Amino acid sequence: MPRPEIDQITFTVDGREVEAPAGTMLADAAKLGDVDIPVFCYEPKLGAPVGACRMCLVEIEGIPKLQTACSTPVRDGMVVDTQNPRVKAAQESVVEFLLLNHPLDCPVCDKGGECPLQDISFGWGRGESRFVEPKRHFQKPVELSPLIAIDRERCILCYRCVRFSQEVSEDYQLVLHERGADTFVGTFDGHPYVAPFSGNIMELCPVGALTSQAYRFRARPWDIEQSGSVCTLCPGQCNVSYTVRDDRVVRVLNRQNDDVDDGWLCDRGRFAYQSTYVDERVQGPMVRENGRLVPSSWDRALSTAVDIIDAADGRVGALAGGGSSNEDGWLLRRLMTEVVGSRDFDSRPAGVLSAGLQAALDAPEAQATVADLEWAHAVLVLDTEPVDDMPVLDLRLRKGVRRNGVRLAVATSRPSALDPNAELSVRFAPGAGEAFVCALDAAVGGVGDVAGLAAAAGADREAVEALGRMLREAGEDVVVVWGERLTHAADPEVGANAARALLKASGRLGLLDGRRGAGLLQVPTGMNARGLRELGVLPNVGPGYSEPAQVGRSSREIAVAAAAGEVRALHLLHVDPVASYPDRALWEAGLAAATGVVAHASFLTEGVLEHADVVFPSEAGAEKEGTVTHPDGRLQRLRPAVGKPEGTLPTWQVLSHLITALGGRATALTSMMITSEIAEAVPFYAGITHDEIGGFGIRWQEREASDAFPAGDSGPFSLVAPVAAASPNGALRLGSFRSVWSSPEVAHAPALKFLAPKQRAELNPDDAADRGIRHGQRVTVTADGTSVSATAHLRTASPRGSVFLETGLGDQSASALQSTEATVPSMVTVESA
Amino acid sequence: MTWNPDSDVVEVARGPEPGGLGGAYRVFGETLRGLKTSFMRVVEGTHTVEYPEEKIPVYPRWRGRHKLHKFEDTGLEKCVGCSLCAAACPADCIRVVAAENTDENRVSGGERYAAVYEINMSRCIFCGYCEIACPFDAITMGSDFELADYNRSDLIFTKEMLLAEPMVRTPLRAEGE
Ligand code: SF4
Ligand code: SF4
Ligand code: SF4
Ligand code: SF4
Ligand code: FES
């Protein structure tokens with residue numbers, strides 16, 4: 001459904017003429033005339049109002065009874081009174097009723113000081129109660145989940161939390177039990193409310209009924225300061241506000257930005273701040289001494305790093321992790337190109353795409369925004385699981401489907417959390433993304449051998465055809481949300497073919513000609529993958545997607561070259577390839593063979609712990625300064641909320657130091673100066689400043705400088721026959737996924753630890769039955785003599801012939817089973833342990 | 001004296017010329033008059049309070065060094081660490097860090113207690129707002145005003161210091177005194 005056009009109307013509130021968009025609820029429209037109507041249950045983010053609390057009663061001329069302002073849309077010429085004695089009496093009695101059963105234990109209540117109930121009782125209540133009977137009692141406080149405490153006595157039954165669970169995150173866990181005064185919020189059977197977005201209900205609760213266990217009794221509103229920044233834990237880049245007390249982050253709140261996060265956060269972004277203050281965090285520089293990493297002075301660490309890079313004589317490979325800011329990535333690039341003289345650096349975990357293809361995929365004309373997902377006619381989610389890869393996007397997709405009737409299609413190998421919302425779900429064989437996009441292109445165009453291509457992709461032909469039909473017929477606003485891993489095949493030709501097929505199919509759907517509301521939206525594998533790409537932190541792409549004079553090695557080639565001794569030193573910027581890149585064995589070998597490894601890390605993950613010779617501490621999210629680029633091109637600014645540990649240098653200073661120490665041109669003195677350097681180097685970022693980015697970021701596509709975007713490859717794209725998915729033939733295809741809870745920040749945050757994933761093998765029950773495997777049983781998954789043990793997890797939705805394992809779990813990861821030279825995913829056997 | 005616009009000479013009334021016998025008499029006479037007052041006070045006895053050996057009792061509503069209170073029956077602290085005193089304090093000299101009571105470690109009556117409670121006496125202006133703000137009468141202003149110290153940091157009073165019964169150094173005026 002395209003965005004509706006909204007007219008302005010005029011109405012009168014308390015004698016003032018106010019202009020408001022037609023259809024706005026009175027409670028919101030009155031604000032435009034500086035009239036405050038108290039509300040409890042009304043929260044526009046939750047969708048349609050329910051009118052549960054009656055706090056917002058107002059008098060409307062011509063309507064005999066008082067009306068709820070939260071659920072009455074304004075009409076032209078409406079005359080509203082919010083002040084007269086009748087309204088006043090109603091407000092006072094609603095407050096009195098709400099307080100009948102309310103314990104008013106504000107001194108011990110965590111909401112005290114920032115409590116809407118306190119404010120509204122003070123502003124609109126009568127100040128005294130006539131209620132003398134005993135109040136209702138519940139046990140308090142109770143654990144709703146390890147993250148959330150619930151105090152049922154304080155609950156005013158506004159339904160906000162239940163509506164969030166039922167209608168926004170759609171985890172359907174929270175319900176209201178019992179009736180009348182006995183009503184209480186809970187989960188079925190008292191199960192803990194564990195869900196990826198559960199933390200949002202604490203922010204929604206207008207009283208102190210739902211409070212954070214992690215923030216419990218930590219501070220009062222007058223003890224703290226709020227500091228806005230951006231979450232750096234996934235490409236979603238939600239806008240957050242850090243709550244700081246005594247120079248420590250004690251809480252993370254959302255900072256609503258409708259173009260990015262819609263005012264929600266996932267629990268990872270909300271609680272992972274705790275990992276900033278754990279002992280395991282790298283607190284200062286370390287160097288390897290007698291085989292062990294020991295703390296060292298900054299001078300020594302810097303000179304060791306300089307020696308390592310110097311000794312490698314230009315044969316240095318560098319990797320920039322997706323979590324690096326634009327500034328960090330830029331300095332790493334300068335270090336490599338200007339000083340070391342090596343072009344072997346990459347910011348992608350795998351795969352290579354030419355500058356032309358990359359520019360075609362990222363062109364402003366082909367770009368869909370996050371907000372477009374809400375209003376598109378149809379959305380295709382292609383080879384990505386939003387809730388794991390970019391959690392906040394999951395909520396946006398659900399919103400579009402639920403509220404605006406967006407037609408959703410999901411095409412993945414692993415069953416998706418969005419399947420129940422999708423009109424159409426198509427499965428293809430793990431790793432056969434390339435073949436699937438080729439089939440999709442054929443189906444959309446109604447040309448070519450759909451049947452053959454679908455078979456190559458291990459997908460159902462009719463489903464692919466139905467998908468093609470649906471996308472073609474849905475309307476002109478189609479958005480394709482595609483996972484970057486589609487182009488991550490070990491063979492670059494395969495990745496390029498997938499990209500071309502995607503472009504070709506998009507071209508057929510008219511997504512590439514600059515129509516607002518339609519286009520492509522990538523879900524990258526790294527938080528700032530787009531920014532790093534645009535700066536040219538890629539082996540074959542220069543700043544601003546220019547063609548570089550010389551092409552270097554991609555990350556996979558760096559690993560191979562390191563293992564063969566051709567790349568001698570490795571520089572790891574916020575990344576541990578052993579832990580998080582595909583081809584674990586290859587990276588183990590590469591790091592072991594390197595003569596020197598310089599790493600910037602927050603935690604000593606396995607690869608860093610075993611192989612790094614120098615470790616520089618990375619800043620935590622709340623300590624970081626710089627800019628990042630959202631997958632839809634929005635430049636956002638990271639502002640440090642707290643100071644770094646005593647004496648610690650920020651990463652950009654370490655990198656500038658290395659540049660000068662190795663004889664490079666002296667560089668920026670502040671992080672902001674690096675941003676200006678970037679603005680000069682990337683033509684379509686020209687002139688961008690921190691001020692212009694501001695609190696909510698700015699999409700470069702909307703600036704004038706976007707005209708400088710280089711022309712990428714334009715069709716016609718010719719496709720080659722894709723690699724066919726191997727037929728299982730008794731074995732199982734190995735698929736992998738990375739869960740939202742798989743990250744060192746989650747593993748180290750005390751509140752989140754319980755969510756840290758354990759390896760599980762997702763299987764179809766029939767496949768399991770063939771092998772005599774029961775749900776919950778321990779199994780070993782073996783490929784080429786390497787095995788990983790896991791718990792069998794039977795899912796009816798899981799396609800036959802495949803098994804899915806998690807990555808990011810050390811030597812028990814799916815990546816341990818992926819063989820080094822494979823172009824098709826490994827075949828594995830699964831047997832009970 | 002009025003000003004006469006017709007005349008530009010202003011007459012100023014002056015006292016008698018000093019000097020001479022008359023002058024000497026005036027000086028001597030005044031001195032004697034002063035001495036008479038002094039000697040009359042001598043017989044009245046002393047008025048000086050020999051502080052610090054001797055102290056003036058303070059009135060019951062005097063606002064001196066704070067005290068934190070415990071319940072007499074249970075021995076639990078009255079303060080629940082709500083920070084309302086800190087919010088009310090115009091000098092911003094109270095710092096409260098709350099923590100949760102557990103069954104093993106029950107410090108106060110409610111769910112929370114003050115794990116850290118500090119008042120910086122060198123900043124306190126003894127306005128008593130903290131006492132008024134406290135919903136549990138956990139903090140009251142005492143009578144002690146002798147808070148001088150050699151070190152500023154020693155003037156940050158901790159919870160233990162505030163809970164301890166202060167040394168009785170300042171006499172309190174009795175009812176009707
Ligand atoms: S919810 Fe608000 S009004 Fe109720 S006890 Fe807590 S702070 Fe007080
Ligand atoms: S969705 Fe991503 S960016 Fe948003 S809070 Fe979660 S981890 Fe952070
Ligand atoms: S007496 Fe006044 S200044 Fe002193 S601690 Fe109490 S509120 Fe603060
Ligand atoms: S002294 Fe009173 S006001 Fe201050 S924290 Fe304790 S209970 Fe709250
Ligand atoms: S805010 Fe209108 S009924 Fe609750």
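1. Six residue pairs are in polar contact between chain B and chain A, both residues of each pair being at pLDDT 80 or more. The model is a predicted one. On the side of chain B that touches chain A, helix H2 (84-88) and strand S2 (94-100) of chain B each supply at least two residues. S2(B) gives the largest share of that side, with six residues. Sorted by class, the side of chain B that touches chain A holds 11 nonpolar, two polar and four charged residues.

2. The contact between the two chains takes in 17 residues of chain B and 16 residues of chain A. About 1,200 Å² is buried between chain B and chain A, and 53% of this lies on carbon and sulfur atoms. Three residues, B:Glu100, B:Glu111 and B:Arg112, account for 48% of the area that chain B buries against chain A, more than any other three residues.

3. How many salt bridges are there between chain B and chain A? The count is five. In one of them, B:Glu111 pairs with A:Arg216, and the closest N and O atoms are 2.7 Å apart.

4. Over all chains the salt bridges come to 65. Among them is a bridge between the side chains of B:Glu111 and A:Arg154, at 3.9 Å from N to O. This pair joins two chains, because B:Glu111 lies in the loop between S2 and strand S3 (112-120) of chain B, while A:Arg154 lies in the loop between strand S7 (148-150) and helix H4 (160-168) of chain A. Are B:Glu111 and A:Arg154 buried or exposed? B:Glu111 has 15% relative accessibility and so counts as buried. A:Arg154 has 4% relative accessibility, so A:Arg154 counts as buried too.

5. Within chain A, A:Asp394 and A:Arg398 form a salt bridge whose closest N and O atoms are 2.8 Å apart. Because A:Asp394 and A:Arg398 are four residues apart in helix H12 (residues 391-404) of chain A, about one helical turn separates them. A:Asp394 and A:Arg398 are both buried.

6. Another salt bridge of chain A is formed by A:Arg800 and A:Asp767, with 3.0 Å between the closest N and O atoms. Here the pair links distant parts of the chain, 33 residues apart: A:Arg800 is in the loop between strand S32 (786-794) and strand S33 (802-806) of chain A, and A:Asp767 is in helix H26 (residues 765-770) of chain A. A:Arg800 has a relative accessible area of 44% and is therefore partly exposed, whereas A:Asp767, at 4%, is buried.

7. Some salt bridges share partners. One network formed in this way joins A:Asp105, A:Lys140, A:Asp151, A:Glu153, A:Arg154, A:Arg216, B:Glu100 and B:Glu111.

8. Two cis peptide bonds deserve a look. The bond joining A:Lys140 and A:Pro141 is cis, with omega about -15°. A:Pro141 sits in the loop between helix H3 (116-124) and strand S6 (142-143) of chain A. In chain B, the peptide bond from B:Tyr51 to B:Pro52 is cis, and its omega is near 0°. The place of B:Pro52 is in the loop between helix H1 (20-44) and strand S1 (66-68) of chain B.

9. Backbone angles are the next item. A:Arg54, a residue other than glycine, has a positive phi, near 65°. A:Arg54 belongs to the loop between helix H1 (26-32) and strand S3 (57-60) of chain A, and at 39% relative accessibility A:Arg54 counts as partly exposed. For A:Asp247, also not a glycine, phi is positive and near 60°. A:Asp247 lies in the loop between strand S12 (239-245) and strand S13 (248-254) of chain A. With 47% relative accessibility, A:Asp247 counts as partly exposed.

10. Which residues come nearest to ligand 3? Of the 14 residues around ligand 3, they are B:Cys89, B:Cys124, B:Cys127, B:Gly128 and B:Cys130. By class, the shell around ligand 3 has 12 nonpolar residues, two polar ones and no charged ones.

Conventions. Residues numbered from 1 in each chain as written. Chains lettered and ligands numbered in written order. Predicted model: local features only at pLDDT ≥ 70, side-chain atom pairs only at ≥ 80, totals over all residues. Heavy atoms only, no water. Contact = heavy atoms within 4.5 Å. Buried area = accessible area lost by both parts, 1.4 Å probe. Salt bridge = Lys/Arg side-chain N within 4 Å of Asp/Glu carboxyl O. Polar contact = N/O pair within 3.5 Å; in protein donor to acceptor, adjacent residues only side chain to side chain. Nonpolar A, V, L, I, M, F, W, Y, C, P; charged D, E, K, R; others polar. Near = heavy atom within 4 Å. Buried < 20%, exposed > 50% of the residue type's maximum accessible area, 1.4 Å probe, protein only.
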